[in-house]
Amino acid sequence: MKNAEKEIVEDFDINQRRSSKKRSKNGKFITAGVIILALLIGGVEYYQASRFNSKITINDTNVGGLTADQAIKKLKTSELKNRVYVGDQLILDEEDTQMGFSDKDLSEVKKLLKNQWSFFPSFKAKNYWLIPEEADQYRSQTMKKLVEKKLLSMNKDLKAPVDAKAKLKKGEIIITKSENGEQYDVASLMKDYEKQEYKSDIHLKAVYLQPIKEDSSIVKKEKEKLQELLQQTIEYKVQNKVYSLKANELIQNASVSKKMEVTVDPSGIKEKIAEINDAQSTLDKNFTFKTHSGRVISVKGQGYGWAIDVDKETTLLQGAFENGEKSVSASNIYGHGWSNEGIGYKTTSNNGIGNTYAEVSISEQRIWIYKNGKLAVTTNVVTGKHITGEDTSRGVWYILYKRQQYTLKGTAVGKGDYAVKVNYWAPFTNSGQGFHDASWRTNWSSSAYLTAGSGGCVNTPSNVMQIVYNNLNTYDPVVIY
């Protein structure tokens with residue numbers, strides 16, 4: 001038994017020694033493999049960190065496999081073809097220029113190198129954009145302007161898109177149809193250009209101007225604006241009368257601008273203003289007048305009276321409708337007086353003459369001056385010389401102005417020029433007729449005017465002229481019949 005045990009022990013020792021040697025040999029192999037793998041990984045990492053991946057481009061220049069130094073060297077010699085395409089159409093072909101890189105841009109290239117780094121080689125294509133530090137202004141300014149100018153020029157020969165619009169036509173709101181065009185959206189194309197500023201060949205995607213469609217929010221707002229217009233009423237005041245001017249009765253056509261501003265066709269407004277003017281104005285019309293005796297006569301307005309300037313008032317009301325105003329007072333009034341002002345517009349009593357006025361009867365050769373409806377003064381006078389056709393002009397006039405110690409100058413029929421001094425002067429016609437004292441006159445009879453009248457003025461006795469003068473005011477009506 002002992003011999004058998006001894007043999008077993010010896011065999012075990014032999015196996016243990018063999019196993020130990022084997023393990024030692026395997027360990028050396030593993031260690032060597034690890035070292036080799038580490039060297040390979042380190043080499044790959046160094047390579048990847050110092051060189052661009054194979055499909056990397058900078059401004060469309062291939063720098064794959066190059067170091068930063070090699071890449072900047074290549075970029076320095078790179079040229080820009082300066083060709084611009086819209087779709088497949090070449091629209092601009094300028095002379096080639098250098099891209100403009102220098103050693104100053106090396107640091108930026110190194111940043112790109114670091115940014116594109118991947119542990120294992122990457123075959124993914126990627127282009128980086130880099131603007132040279134001393135960038136040539138040709139691409140960003142000169143050529144950019146040339147491209148924009150070219151696009152705008154091309155658009156002139158291309159069909160423009162037609163926007164859908166809400167319009168008021170013959171009193172009804174309609175929506176016009178939109179139409180596609182062929183013009184380029186220059187603003188969008190120029191934004192695309194800026195993104196490709198340093199590509200050698202610039203390819204702009206063809207983008208076209210789009211029309212405003214029928215269902216757009218813009219057309220909806222236009223329609224709402226027109227609906228608001230049609231619901232509008234303006235209270236239009238002329239003297240003491242107020243007219244309700246309704247847009248849906250006066251405005252047949254209107255449009256809305258891109259700024260949402262309404263423009264109306266004023267023709268209907270003009271017709272209404274003309275109608276009001278014909279009915280209410282007094283200029284060149286007859287005034288109904290009750291004389292001192294109670295007799296009712298008709299006297300035509302001459303210098304006195306007013307009318308609406310239809311064209312100017314139409315423009316005023318057109319603007320009021322367009323701006324959404326609710327009330328307007330007439331403000332464009334004219335007449336035949338001293339400065340074409342409409343005299344009597346503010347007067348509505350006594351058929352438009354009022355209660356303060358001067359009344360002149362040629363047949364009776366007398367005047368009556370009323371203040372607030374009460375007689376202030378009356379006196380006999382001598383009017384224009386009838387036999388020579390120098391009669392004082394009949395009609396409704398007004399006092400133009402007043403002067404004291406005044407020299408009257410003129411020409412009388414059958415006489416030469418004259419110049420006479422008066423103490424008081426109150427003219428009522430632009431031709432020079434008026435009230436004044438006449439110290440030189442001796443004939444004050446009621447028939448003197450027939451053969452020995454004035455040159456057209458109303459000669460007033462000196463002893464009452466001051467009272468007459470003091471009771472006359474500028475703009476007071478003068479009724480002569």
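Predicted model: local features only at pLDDT ≥ 70, side-chain atom pairs only at ≥ 80, totals over all residues.

**Salt bridges.** I started with E179, which forms a salt bridge with K159, the closest N and O atoms being 3.6 Å apart. I took a salt bridge to be a side-chain nitrogen of Lys or Arg within 4 Å of a carboxyl oxygen of Asp or Glu. The pair links distant parts of the chain: E179 sits in the loop between β9 (172-175) and α5 (186-195), and K159 in the loop between α4 (137-156) and β8 (166-169), 20 residues apart. Helices (H or I, at least four residues) and strands (E, at least two) are DSSP runs, numbered from the N terminus. E179 is partly exposed at 39% relative accessibility, and K159 is partly exposed too, at 41%.

Residues are numbered from 1 along each chain as its sequence is written, and side-chain values use heavy atoms, with hydrogens and water left out.

How many salt bridges are there by this rule? I get nine. D103 and K76 form one of them, with the closest N and O atoms 2.4 Å apart. D103 lies in the loop between β6 (97-98) and α3 (106-116) and K76 in helix α2 (residues 68-76), so this pair ties together parts that are 27 residues apart in sequence. D103 counts as exposed at 54% relative accessibility, whereas K76 is partly exposed at 31%.

I also looked up D201 and R83, whose closest N and O atoms are 2.9 Å apart in another salt bridge. Here D201 belongs to strand β10 (residues 201-204) and R83 to strand β4 (residues 83-86), 118 residues apart. R83 has a relative accessible area of 26%, which makes it partly exposed.

**Strand β20.** Is β20 (residues 357-361) mostly covered or mostly open? It is mostly covered, with five of its five residues buried. Y357, E359 and S361 are buried on one side, and A358 and V360 are buried on the other.

Next I checked its partners, counting two strands as paired if DSSP finds at least two bridges between them. Five bridges join β20 to β21 (residues 366-371), and the two run antiparallel. Y357 has Y370 as its bridge partner in β21. The hairpin of β20 and β21 has four residues between the strands, and there Q365 takes a positive phi near 50°. On to β28 (residues 477-480): three bridges join this strand to β20, and the two run parallel. A358 stands opposite V478 in β28.

R295 is in the loop between β15 (286-290) and β16 (296-300).

**A three-stranded sheet.** I found an open sheet in the order β2-β1-β7, with mixed pairing. β2 (61-62) and β7 (126-128) stand at the edges with a single partner strand each, so one side of each is left without a neighbour in the sheet. Strand β1 (residues 56-58) runs parallel to β7, joined by three bridges. I56 has K126 as its bridge partner in β7.

**Positive phi.** Most residues other than glycine have a negative phi. N59 is not a glycine, yet has a positive phi of about 55°. N59 lies in the loop between β1 and β2 and is buried at 1% relative accessibility. M260, also not a glycine, has a positive phi of about 65° and sits in the loop between β13 (254-256) and β14 (262-264).

I looked at the second largest pocket, which holds about 330 Å³ of space. On a 1 Å grid over the protein atoms alone, a pocket is an open set of points where a 1.4 Å probe fits, with protein on both sides within 12 Å along at least five of seven lines; lining residues have an atom within 4 Å of a point. The volume is the space filled by probe spheres set on the points, which are joined across faces, edges and corners. Its lining has 21 residues, of which K409, W425, S431, G432 and Q433 lie nearest its centre. β24 (403-411) and β25 (417-427) are the elements that give two or more residues to the lining. β24 supplies the largest share, six residues.

Methods: Buried < 20%, exposed > 50% of the residue type's maximum accessible area, 1.4 Å probe, protein only.
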